[in-house]
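This report is written for a reader who is new to the structure. Please look over the sequence and the model before reading on.

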Amino acid sequence: MKKILSNHLGIKFGLVLFLLLLLQIPVSMVSGLISERSIRQQDVRQDIARSSSGEQRIIGPFISVEYTEVVTQDDKAQTIERQSFLLPETFDMNAHLESFEKYRGIYKARLYKAQSHLEGSFDLSELDELRQFDIKEISLAVGIKDSRGLIRLDDMKLNGDAIEVTPGTSISQLSQGFHTKLDINKLDSTKPLTFDLNFLLQGMGQLQVTPIGKTTSVALSSEWPHPSFIGDYLPVSSEISESGFQAQWASNNFSSNIIQLFENCMYNNSHCYELDRRQMGVELIDPVDHYLKSHRAVNYSLLVMTLVFASFFLLELFQARPVHPIQYGFVGLALALFYLLLISLSEHIGFNWAYVVSAVASTGLLATYVGGMLNNSKHGAIFGVSLLSLYAMLFGLLQAESYALLMGTLLCFAILSLVMLITRKVDWYERSRKSLEANAREQDEESKVS
């Protein structure tokens, strides 16, 4: 223990290590700022959704039949109101999503306009069982999660004939959407009832479709090249390129159990959870989330600072050039300031350019400072090139999402191996003893001069 306390390099190493830990305070403050700005962006997106339209989900069409049934109980006749639902035999949907952005200050949200086309058919033979009761109303309805997004209703046809629709569905569980009333006397249960519905739907981020048919097929496309397929079903086929994407889904009642789930939800609100999960759809994502990438960059801050401080410590070790703790502190603060520059610039010029500008600015500042600190501009230039190379490698780690952990681990292993190889024959006590002897000689010379 006494050897450690009397070891000049050991004390210096402990001081540098303490300073390194202390510098994590400003780094954590920058990380907190990134999280705060990211949350603010989500709040702005929610505000835009509240003032326009949010994520969309289409469920329907389906036929709702309201009727009364006379039930005899205890020799008393009671009239009970009931409701039954018919789901389509076939349901085909295709939609093309045209994406656009809305800004509020420096924040933005991605919206879309989906030209939607629903077609298919109903098997009306189930109505024969209901004709024995007093049918009060029968209607065809389509549920929309946020009806404010219904910008335009185009051609609406049943059996090839144009129909008029009215807002809402008259169903508490799916209150938003549109419906049309049907005349039971004009419905031929021996023939299928075909539907062809077209409308323009605006939403933000996500578009989901419930596989309402006994057999369902869904096709979605867009010029936006960054889709994320969501829901309980992945596309059976998809094509993604720089010019956009196309995706197709398919399901049937055996895989979705949609009839039972739909009826459970309609008869009991607390049983809608499973139906809400039975979705197929897409989310238009922004691949360049500068807040996420900035947060990932901050995660490597300890590695960068450790490498820089280690280089200064090795410089002291091999060239006997003392570096004052205050100088370590200034270098550490400059490295921390890099991340503050990165997040502030990325909000205006994008992450990639912000990273380049921040790296060049931080490297230039530190190269100039190190050159003056060592009284050698060449050493400062070498340090600047090394630091810029380190920033370039970290940028590669940030871009390689799938291999970031592997590449980062290999980088740390390679650097640690290099440092251990360089210092494997260093006699730390001897270095400390020589440093103390040199200091003693300097003091003796100063005393002689005085």
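## Around Gly 60

Leaving aside residues up to four places away in sequence, Gly 60 touches Phe 91, Leu 118, Ala 141, Val 142 and Ile 212, where contact means heavy atoms within 4.5 Å. Gly 60 itself lies in strand β1, residues 56-73; helices (H or I, at least four residues) and strands (E, at least two) are DSSP runs, numbered from the N terminus. Thr 210 is 150 residues from Gly 60 in sequence, yet the two are 7.5 Å apart in space, C-alpha to C-alpha.

Gly 60 counts as buried because its relative accessibility is 1%, and buried means under 20% relative accessible area, exposed over 50% and partly exposed in between, with a 1.4 Å probe and protein chains only.

## Basis of the model

The model is predicted, and local features need pLDDT of at least 70, side-chain atom pairs count only at pLDDT 80 or more, while totals for chains, interfaces and linings use all residues. Residues are numbered from 1 along each chain as its sequence is written, and side-chain values use heavy atoms, with hydrogens and water left out.

## The chain as a whole

The secondary structure of the chain comes to 14 helices and 16 strands, and 42% of its 450 residues count as buried. Among contacts in the chain with a separation of 6 or more, 75% join residues 24 or more positions apart.

## Helices that pack against α10

Two packed helices are described by the angle between their axes and the distance between the axes. Axes are lines fitted to C-alpha atoms, for helices over the stretch in contact, and angles run from 0 to 180 degrees between N-to-C directions. Helix α3 (residues 24-51) and α10 cross at roughly 10°, and their axes come within 9 Å; α3 is therefore roughly parallel to α10, as angles under 35 degrees count as roughly parallel, over 145 as roughly antiparallel, 65 to 115 as roughly perpendicular and the rest as oblique. This contact of α3 with α10 has ten nonpolar, no polar and two charged residues, where Ala, Val, Leu, Ile, Met, Phe, Trp, Tyr, Cys and Pro count as nonpolar, Asp, Glu, Lys and Arg as charged, and the others, Gly among them, as polar.

Helix α8 (residues 290-298) packs with α10 (residues 325-349) at an angle of about 170°, with the axes 10 Å apart, so α8 is roughly antiparallel to α10. On the α8 side the contact is made by His 290, Tyr 291, Ser 294, Ala 297 and Val 298, and on the α10 side by Tyr 339, Leu 342, Ile 343, Ser 346 and Glu 347.
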